[in-house]
Amino acid sequence: SNATELARRLGAHPAVAQVLYPGLGGMVSVVLHGDAASAERVPESTELWVHATSLGGVESSLERRRRWPGESAEVPETLLRLSVGVEDVDDLWSDLDQALRR
């Protein structure tokens with residue numbers, strides 16, 4: 001339910017160009033407006049979300065894709081992948097919203 005609620009809120013956020021959420025599980029991806037540098041500021045600016053590639057825990061984590069040489073140019077530079085955990089959804093949203101507004 002946390003992922004569904006965050007996908008809904010992200011869909012209305014002015015920093016978000018596109019939400020990719022199939023409605024199953026806790027995986028949500030977003031494509032942001034802006035450039036790679038502005039997208040990289042989001043995971044660097046969160047306190048509750050763990051900036052990590054591993055998506056197997058119960059804690060919420062996120063990462064910006066296409067950070068490494070050799071990754072496909074088809075992946076948008078502003079794509080963030082979120083693994084939504086079990087924390088309070090309002091706490092998750094508050095942390096993510098403040099990072100998106102930077």
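A nonpolar core is taken here as a set of buried Ala, Val, Leu, Ile, Met, Phe, Trp, Tyr and Cys residues joined through side-chain atoms within 4.5 Å, where buried means under 20% relative accessible area, exposed over 50% and partly exposed in between, with a 1.4 Å probe and protein chains only. The model is predicted, so that local features need pLDDT of at least 70 and side-chain atom pairs count only at pLDDT 80 or more, whereas totals for chains, interfaces and linings use all residues. Residues are numbered from 1 along each chain as its sequence is written, and side-chain values use heavy atoms, with hydrogens and water left out.

**Core**
- Leu10 and Leu82 touch the most other members of the largest nonpolar core, which has 22 residues.
- H1, S2, helix H2 (36–45), S5 and H3 each supply at least two residues of this core, and H3 gives the largest share, 6 residues.
- Leu82 is in contact (heavy atoms within 4.5 Å) with residues including Leu10, Val28, Trp49 and Leu96, where residues up to four places away in sequence are not counted.

**Helix H1**
- The buried residues of H1 (residues 2–11) are Asn2, Ala3, Leu6, Ala7, Arg9 and Leu10.
- These buried residues fall within an arc of 165° seen down the axis of H1, so they line one face of the helix, the arc being that of the directions from the helix axis to the C-beta atoms.
- On the other side of H1, Arg8 and Gly11 are exposed.

**Sheet**
- An open sheet of 5 strands has the order S1-S2-S5-S4-S3 with mixed pairing, where strands pair if DSSP finds at least two bridges between them.
- Helices (H or I, at least four residues) and strands (E, at least two) are DSSP runs, numbered from the N terminus.
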